[in-house]
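Hi everyone, thanks for making time for this.

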Amino acid sequence: MSQTDRRRDRLIETYRKKAKHYDITSRLYPVPGYPQRTQRLRAVHALALRPGDTVVDMACGTGLNFPLLEKAVGPGGRIVGVDLTDAMLARAQDRIETNGWSNISLVQADAAEFDFPAQVDAILSTYALTQVPECAEVIAHGAAALSAGGRWVVLDLKVPDNTPGWLAQLGTSIVRHFASIDEWIMRRPWEAIRAAMQEELADLSWTELFFGTAFLAAGSRGPETPGVQPGGIGHQ
Ligand SMILES: C[S@@+](CC[C@H](N)C(=O)[O-])C[C@H]1O[C@@H](n2cnc3c(N)ncnc32)[C@H](O)[C@@H]1O
(Lines give C-alpha, C1' and ligand atoms only; values in the text may rest on other atoms or scores of the structure.)
Protein backbone atom coordinates (compact mmCIF):
# COMPACT_ATOMS: atom_id res chain seq x y z
CA MET A 1 0.00 0.00 0.00
CA SER A 2 1.39 3.43 -0.94
CA GLN A 3 1.94 6.20 1.59
CA THR A 4 -0.93 8.14 0.00
CA ASP A 5 -3.31 5.21 0.43
CA ARG A 6 -2.25 4.74 4.04
CA ARG A 7 -2.79 8.45 4.78
CA ARG A 8 -6.20 8.33 3.10
CA ASP A 9 -7.24 5.21 5.06
CA ARG A 10 -6.20 6.86 8.32
CA LEU A 11 -8.24 9.95 7.48
CA ILE A 12 -11.34 7.89 6.62
CA GLU A 13 -10.97 5.91 9.85
CA THR A 14 -10.73 9.12 11.86
CA TYR A 15 -13.83 10.67 10.29
CA ARG A 16 -15.77 7.41 10.62
CA LYS A 17 -15.26 7.74 14.36
CA LYS A 18 -16.20 11.43 14.36
CA ALA A 19 -19.21 11.23 12.04
CA LYS A 20 -21.93 10.32 14.53
CA HIS A 21 -21.31 13.31 16.80
CA TYR A 22 -19.64 15.63 14.28
CA ASP A 23 -22.47 18.18 14.19
CA ILE A 24 -22.18 18.70 17.94
CA THR A 25 -18.43 18.32 18.46
CA SER A 26 -17.57 20.50 15.47
CA ARG A 27 -19.20 23.42 17.30
CA LEU A 28 -16.30 23.21 19.75
CA TYR A 29 -13.65 23.39 17.03
CA PRO A 30 -11.08 24.68 16.95
CA VAL A 31 -12.08 25.95 20.40
CA PRO A 32 -15.45 26.49 22.10
CA GLY A 33 -16.94 29.82 21.06
CA TYR A 34 -15.04 30.00 17.76
CA PRO A 35 -17.17 32.02 15.28
CA GLN A 36 -17.61 29.12 12.87
CA ARG A 37 -21.21 29.93 11.97
CA THR A 38 -20.34 33.53 11.12
CA GLN A 39 -17.46 32.33 8.97
CA ARG A 40 -19.70 29.85 7.13
CA LEU A 41 -22.24 32.60 6.43
CA ARG A 42 -19.51 34.79 4.99
CA ALA A 43 -18.21 31.96 2.83
CA VAL A 44 -21.63 31.21 1.36
CA HIS A 45 -22.26 34.92 0.84
CA ALA A 46 -18.96 35.14 -1.08
CA LEU A 47 -20.27 32.54 -3.56
CA ALA A 48 -22.79 35.15 -4.82
CA LEU A 49 -25.27 32.36 -5.62
CA ARG A 50 -28.48 33.00 -7.48
CA PRO A 51 -31.65 30.90 -7.52
CA GLY A 52 -31.22 28.00 -9.94
CA ASP A 53 -27.42 27.82 -9.62
CA THR A 54 -25.41 24.61 -9.34
CA VAL A 55 -22.86 24.49 -6.53
CA VAL A 56 -20.32 21.85 -5.49
CA ASP A 57 -19.60 21.56 -1.74
CA MET A 58 -16.16 19.93 -1.76
CA ALA A 59 -15.43 17.75 1.31
CA CYS A 60 -18.96 18.53 2.51
CA GLY A 61 -18.79 16.26 5.56
CA THR A 62 -22.21 15.93 7.20
CA GLY A 63 -23.62 18.76 5.11
CA LEU A 64 -23.47 21.62 7.61
CA ASN A 65 -23.42 24.08 4.69
CA PHE A 66 -26.45 22.59 2.97
CA PRO A 67 -29.13 24.73 4.70
CA LEU A 68 -27.30 27.91 3.70
CA LEU A 69 -26.70 26.69 0.15
CA GLU A 70 -30.32 25.53 -0.20
CA LYS A 71 -31.54 28.95 0.83
CA ALA A 72 -29.35 30.58 -1.82
CA VAL A 73 -30.00 28.31 -4.83
CA GLY A 74 -33.63 27.41 -4.04
CA PRO A 75 -35.50 24.31 -5.18
CA GLY A 76 -34.57 25.00 -8.82
CA GLY A 77 -30.85 24.88 -8.05
CA ARG A 78 -28.55 21.92 -7.54
CA ILE A 79 -26.04 21.02 -4.84
CA VAL A 80 -23.40 18.33 -5.24
CA GLY A 81 -21.77 17.24 -1.98
CA VAL A 82 -18.45 15.43 -2.31
CA ASP A 83 -16.58 13.67 0.49
CA LEU A 84 -14.10 10.87 1.00
CA THR A 85 -15.68 9.41 4.14
CA ASP A 86 -18.72 7.16 3.80
CA ALA A 87 -19.86 7.75 7.38
CA MET A 88 -19.82 11.54 6.98
CA LEU A 89 -21.87 11.19 3.78
CA ALA A 90 -24.33 8.94 5.60
CA ARG A 91 -24.98 11.78 8.05
CA ALA A 92 -25.32 14.18 5.13
CA GLN A 93 -27.89 11.83 3.60
CA ASP A 94 -29.84 11.81 6.89
CA ARG A 95 -29.86 15.61 6.80
CA ILE A 96 -31.16 15.61 3.22
CA GLU A 97 -33.97 13.19 4.05
CA THR A 98 -34.93 14.99 7.26
CA ASN A 99 -35.28 18.25 5.35
CA GLY A 100 -36.93 16.71 2.30
CA TRP A 101 -34.41 18.25 -0.11
CA SER A 102 -34.59 16.68 -3.56
CA ASN A 103 -31.89 18.70 -5.34
CA ILE A 104 -28.78 17.47 -3.52
CA SER A 105 -26.65 14.61 -4.76
CA LEU A 106 -23.79 13.08 -2.81
CA VAL A 107 -20.62 11.62 -4.29
CA GLN A 108 -18.03 9.61 -2.38
CA ALA A 109 -14.70 10.58 -3.87
CA ASP A 110 -11.25 11.87 -3.07
CA ALA A 111 -11.16 15.59 -3.83
CA ALA A 112 -7.97 15.01 -5.80
CA GLU A 113 -9.73 12.60 -8.16
CA PHE A 114 -13.18 14.15 -8.37
CA ASP A 115 -14.44 14.92 -11.84
CA PHE A 116 -16.19 18.30 -11.42
CA PRO A 117 -19.40 18.73 -13.42
CA ALA A 118 -18.82 21.03 -16.39
CA GLN A 119 -20.01 24.64 -16.24
CA VAL A 120 -20.68 24.60 -12.53
CA ASP A 121 -21.67 28.01 -11.10
CA ALA A 122 -19.81 27.82 -7.81
CA ILE A 123 -17.55 25.65 -5.67
CA LEU A 124 -17.23 25.86 -1.90
CA SER A 125 -14.95 24.10 0.54
CA THR A 126 -15.07 24.76 4.29
CA TYR A 127 -12.61 23.56 6.93
CA ALA A 128 -11.34 20.75 4.73
CA LEU A 129 -9.07 21.68 1.84
CA THR A 130 -5.92 22.20 3.94
CA GLN A 131 -6.23 18.50 4.81
CA VAL A 132 -5.87 17.53 1.17
CA PRO A 133 -2.21 17.31 0.12
CA GLU A 134 -3.20 17.86 -3.53
CA CYS A 135 -5.15 21.05 -2.67
CA ALA A 136 -3.56 23.06 -5.50
CA GLU A 137 -4.67 20.48 -8.08
CA VAL A 138 -8.18 20.49 -6.61
CA ILE A 139 -8.32 24.27 -7.03
CA ALA A 140 -7.13 23.95 -10.65
CA HIS A 141 -9.58 21.16 -11.54
CA GLY A 142 -12.45 23.12 -10.00
CA ALA A 143 -11.47 26.36 -11.74
CA ALA A 144 -11.40 24.59 -15.10
CA ALA A 145 -14.96 23.35 -14.55
CA LEU A 146 -16.42 26.74 -13.55
CA SER A 147 -18.62 28.65 -15.95
CA ALA A 148 -17.43 32.16 -16.87
CA GLY A 149 -17.86 34.29 -13.77
CA GLY A 150 -18.31 31.18 -11.57
CA ARG A 151 -16.99 31.49 -8.03
CA TRP A 152 -14.51 29.35 -6.06
CA VAL A 153 -14.58 29.98 -2.29
CA VAL A 154 -12.38 28.35 0.33
CA LEU A 155 -12.76 28.83 4.08
CA ASP A 156 -10.25 27.05 6.28
CA LEU A 157 -7.98 27.31 9.26
CA LYS A 158 -4.39 28.49 9.15
CA VAL A 159 -1.60 29.34 11.51
CA PRO A 160 -1.49 33.08 12.11
CA ASP A 161 1.61 34.82 10.81
CA ASN A 162 4.22 35.51 13.49
CA THR A 163 2.07 33.66 15.94
CA PRO A 164 2.74 32.93 19.58
CA GLY A 165 2.42 29.27 20.58
CA TRP A 166 -1.08 29.40 22.07
CA LEU A 167 -2.52 30.95 18.91
CA ALA A 168 -0.88 28.29 16.75
CA GLN A 169 -2.61 25.68 18.93
CA LEU A 170 -5.95 27.43 18.38
CA GLY A 171 -5.53 27.41 14.64
CA THR A 172 -4.39 23.83 14.38
CA SER A 173 -6.30 21.87 17.00
CA ILE A 174 -8.90 20.85 14.43
CA VAL A 175 -6.38 18.70 12.58
CA ARG A 176 -4.46 17.23 15.46
CA HIS A 177 -6.60 14.12 15.67
CA PHE A 178 -5.82 12.78 12.24
CA ALA A 179 -2.57 14.23 11.06
CA SER A 180 0.75 15.25 12.33
CA ILE A 181 0.33 18.83 13.35
CA ASP A 182 3.98 19.47 12.67
CA GLU A 183 3.54 18.26 9.12
CA TRP A 184 0.52 20.56 8.64
CA ILE A 185 2.36 23.57 10.05
CA MET A 186 5.45 22.82 7.97
CA ARG A 187 3.47 22.25 4.80
CA ARG A 188 1.53 25.54 5.20
CA PRO A 189 -1.25 24.36 2.85
CA TRP A 190 -3.06 27.72 2.96
CA GLU A 191 -0.13 29.18 1.01
CA ALA A 192 -0.50 26.55 -1.72
CA ILE A 193 -4.24 27.24 -1.84
CA ARG A 194 -3.68 30.96 -2.15
CA ALA A 195 -1.05 30.56 -4.88
CA ALA A 196 -3.26 28.17 -6.84
CA MET A 197 -6.30 30.45 -6.60
CA GLN A 198 -4.22 33.43 -7.68
CA GLU A 199 -2.98 31.42 -10.64
CA GLU A 200 -6.33 29.99 -11.71
CA LEU A 201 -8.85 32.73 -10.95
CA ALA A 202 -9.43 36.38 -11.62
CA ASP A 203 -9.96 38.94 -8.84
CA LEU A 204 -8.82 36.78 -5.93
CA SER A 205 -9.68 38.20 -2.54
CA TRP A 206 -7.96 36.87 0.57
CA THR A 207 -9.31 37.78 3.98
CA GLU A 208 -7.76 36.72 7.26
CA LEU A 209 -10.35 35.92 9.92
CA PHE A 210 -10.27 35.76 13.71
CA PHE A 211 -6.71 36.92 14.35
CA GLY A 212 -5.38 35.09 11.31
CA THR A 213 -6.52 31.65 12.52
CA ALA A 214 -8.69 31.24 9.43
CA PHE A 215 -8.88 32.58 5.89
CA LEU A 216 -11.60 33.22 3.37
CA ALA A 217 -10.35 33.06 -0.21
CA ALA A 218 -12.68 33.84 -3.10
CA GLY A 219 -12.24 34.35 -6.80
CA SER A 220 -14.09 34.03 -10.09
CA ARG A 221 -13.29 32.38 -13.33
CA GLY A 222 -12.59 35.07 -15.90
CA PRO A 223 -14.69 35.42 -19.07
CA GLU A 224 -12.06 33.89 -21.38
CA THR A 225 -8.73 32.74 -20.06
CA PRO A 226 -8.43 32.34 -16.31
CA GLY A 227 -6.67 35.56 -15.34
CA VAL A 228 -3.76 36.30 -13.09
CA GLN A 229 -4.51 39.54 -11.35
CA PRO A 230 -3.29 41.10 -8.17
CA GLY A 231 -5.40 40.04 -5.20
CA GLY A 232 -7.00 42.20 -2.56
CA ILE A 233 -5.83 41.42 0.95
CA GLY A 234 -7.84 42.16 4.05
CA HIS A 235 -7.70 41.49 7.79
CA GLN A 236 -10.68 41.06 10.12
C1 LIG B 1 -13.41 19.06 9.30
S2 LIG B 1 -14.45 18.17 8.18
C3 LIG B 1 -15.30 19.53 7.37
C4 LIG B 1 -16.60 19.09 6.79
C5 LIG B 1 -17.47 20.22 6.22
N6 LIG B 1 -16.87 20.81 5.06
C7 LIG B 1 -17.78 21.28 7.26
O8 LIG B 1 -17.52 22.45 6.99
O9 LIG B 1 -18.30 20.91 8.31
C10 LIG B 1 -13.34 17.65 6.90
C11 LIG B 1 -14.00 16.75 5.86
O12 LIG B 1 -13.08 16.63 4.78
C13 LIG B 1 -13.19 15.33 4.26
N14 LIG B 1 -11.97 15.07 3.50
C15 LIG B 1 -10.70 15.08 3.95
N16 LIG B 1 -9.84 14.81 2.96
C17 LIG B 1 -10.59 14.64 1.84
C18 LIG B 1 -10.29 14.34 0.50
N19 LIG B 1 -9.04 14.14 0.07
N20 LIG B 1 -11.31 14.26 -0.39
C21 LIG B 1 -12.59 14.45 0.00
N22 LIG B 1 -12.94 14.72 1.28
C23 LIG B 1 -11.96 14.81 2.19
C24 LIG B 1 -13.37 14.46 5.49
O25 LIG B 1 -13.93 13.20 5.18
C26 LIG B 1 -14.29 15.33 6.33
O27 LIG B 1 -15.64 15.04 6.08
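**A strand and its neighbours**

Let's begin with strand β6 (residues 202–209), which runs antiparallel to β7 and is joined to it by 6 bridges. Strands here are DSSP E runs of at least two residues, helices are H or I runs of at least four, and both are numbered from the N terminus; two strands pair if DSSP finds at least two bridges between them.

Before going on: this is a predicted model, where local features need pLDDT of at least 70 and side-chain atom pairs count only at pLDDT 80 or more, while totals for chains, interfaces and linings use all residues. Residues are numbered from 1 along each chain as its sequence is written, and side-chain values use heavy atoms, with hydrogens and water left out.

Back to the hairpin: 4 residues lie between β6 and β7, and F210 in the turn has a positive phi of about 45°. E208 has F215 of β7 as its bridge partner. Strand β5 (residues 146–157) also pairs with β7, antiparallel over 7 bridges, and there L155 partners L216.

So is β7 buried or exposed? In β7 (residues 214–220), 7 of the 7 residues are buried, so the strand is largely enclosed by the rest of the structure. Buried means under 20% relative accessible area, with a 1.4 Å probe and protein chains only. One face has A214, L216, A218 and S220, the other F215, A217 and G219, all buried.

Now the pocket. Helix α3 (residues 36–46) gives the largest share of the lining of the second largest pocket, 3 residues.

Methods
Buried means under 20% relative accessible area, exposed over 50%, partly exposed in between (1.4 Å probe, protein chains only).
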